[in-house]
Amino acid sequence: MKETTNDGQYQKSLPTALLTAYEKTIANIPFSQDIFHELEQILMSPGKSMLPEELRIPSIAPYFEARHKLINIALLENGATQVLEIAAGFSSRGMELTNNPKFTYVEVDLAENIQLKRKVFQAMVLKQRISSRKNIFFEDGNALDFSTLETTMKHFDKSEPVAIIAEGLLRYLTLQEKAIVASNVKQLLEKRSDIWIISDADIDLNRRIEDFDLNLFTSSNDRKRFFEKLGFGVEEYQYMRIISELVSPKKLGKTDEEIERLFKNKHVYVMRA
Ligand SMILES: C[S@@+](CC[C@H](N)C(=O)[O-])C[C@H]1O[C@@H](n2cnc3c(N)ncnc32)[C@H](O)[C@@H]1O
């Protein structure tokens, strides 16, 4: 399926990957500090900050920490060892999991971001911040373009299940685009044990982003119907479940009540076709 909408909209979501990379450094997620440091080395120009101050919002770090760790739990609980992460941005999950040679991890993002990610990884290997490895791949692809996604599947053993992740992508897409991505993913999920893990399908996300507000579902029933109509069964993983494993709330001096408020009605969704 070919991309149908203008590229400008996607360009707007490229820098958001820097924001989430920053949030993860506060939570001290493995490799997040190194990734952010390398991004600064590559992107910073004299007198200019790579990520403007207004986009450094430490108070929402627990949200991103929970999302990251909950997706890791969903992978673990479903026994996933082959992972395709769409819109991977500057997430450290691939580097984290491929420390274990059992994993094969394919990261996909739009050309500009994935080229940058590859450079970051290579710099980390050169500086021996991470070991060189043959089980992680960085591929240029568009979630709206089935052929680019399908090509990346060549890295996997066809007889084993695959987990596809889209973390922090759906809110940037219109309902029509979400349906295209869902249909693309559905075509890739061939086996009963294959799964699709998503975030950003909640009704009231914490940070309003004016350009993308129209993309949100209007009710949880609306969301449920949307995915069921596309042929997915949906399992909810509540953010509250991970609260005791988070480090950023303590670091930020947040009370349990504040975190509970931040996590109210927030989920990661595990979908089966
Ligand atoms: C908010 S960032 C999330 C990055 C990462 N998943 C995380 O949670 O830290 C959104 C990412 O989506 C990517 N993106 C936006 N539109 C895309 C598309 N059509 N196909 C693939 N990636 C896309 C952006 O380039 C960016 O890296």
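Predicted model: local features only at pLDDT ≥ 70, side-chain atom pairs only at ≥ 80, totals over all residues.
The chain holds 11 helices and 7 strands. Of its 273 residues, 41% count as buried. Contacts between residues at least 6 apart in sequence were examined for their span. Among these, 76% join residues at least 24 apart.

The 7 strands form an open sheet. Their order is β3-β2-β1-β4-β5-β7-β6, and the pairing is mixed. Strands β3 (136-140) and β6 (233-238) stand at the edges. Each has a single partner strand, so one side of each is left without a neighbour in the sheet. From one strand to the next, the twist averages 20°. Helix α6 (residues 111-126) packs on this sheet. There, α6 touches β2 (104-109) and β3. The direction of α6 makes about 150° with that of β3.

Strands of a sheet pair through backbone hydrogen bonds, either parallel or antiparallel. Strands β1 (residues 82-86) and β4 (residues 163-166) run parallel. They are joined by 4 bridges. Residue I86 has A166 of β4 as its bridge partner.

Strand β7 (residues 267-272) contains Y269. Y269 has 22 C-beta neighbours inside 10 Å; the cut-off for a buried residue is 20 or more, so Y269 counts as buried. Leaving aside residues up to four places away in sequence, Y269 touches I198, A201, V234 and E236. Y269 and E235 are 34 residues apart along the chain.

In α2, 8 of the 11 residues are buried, so the helix is largely enclosed by the rest of the structure. The buried residues are A17, L18, T20, A21, Y22, E23, K24 and I26. Their cover includes α3 (32-43), α4, α6 and α10 (248-251). Just after α2, N28 takes a positive phi of about 55°.

One of the covering helices, α4 (residues 61-77), packs against α2 at an angle of about 90°. The two axes lie 8 Å apart. Angles of 65 to 115 degrees count as roughly perpendicular, and α2 is therefore roughly perpendicular to α4. From α2, the contact draws on T20, E23, K24 and I26. From α4, it draws on A61, F64 and H68. By class, this contact has 3 nonpolar, 2 polar and 2 charged residues. The α2 residues in this contact, T20, E23, K24 and I26, are among the buried residues of that helix.

Note on methods: Residues numbered from 1 in each chain as written. Axes fitted to C-alpha atoms, helices over the stretch in contact; angles between N-to-C directions. Helix = DSSP H or I, 4+ residues; strand = E, 2+ residues; numbered from the N terminus. Parallel < 35°, antiparallel > 145°, perpendicular 65-115°, else oblique. Contact = placed C-beta atoms within 7 Å. Nonpolar A, V, L, I, M, F, W, Y, C, P; charged D, E, K, R; others polar. Pairing = 2+ DSSP bridges. Buried ≥ 20, exposed ≤ 12 C-beta atoms within 10 Å, placed from the backbone.
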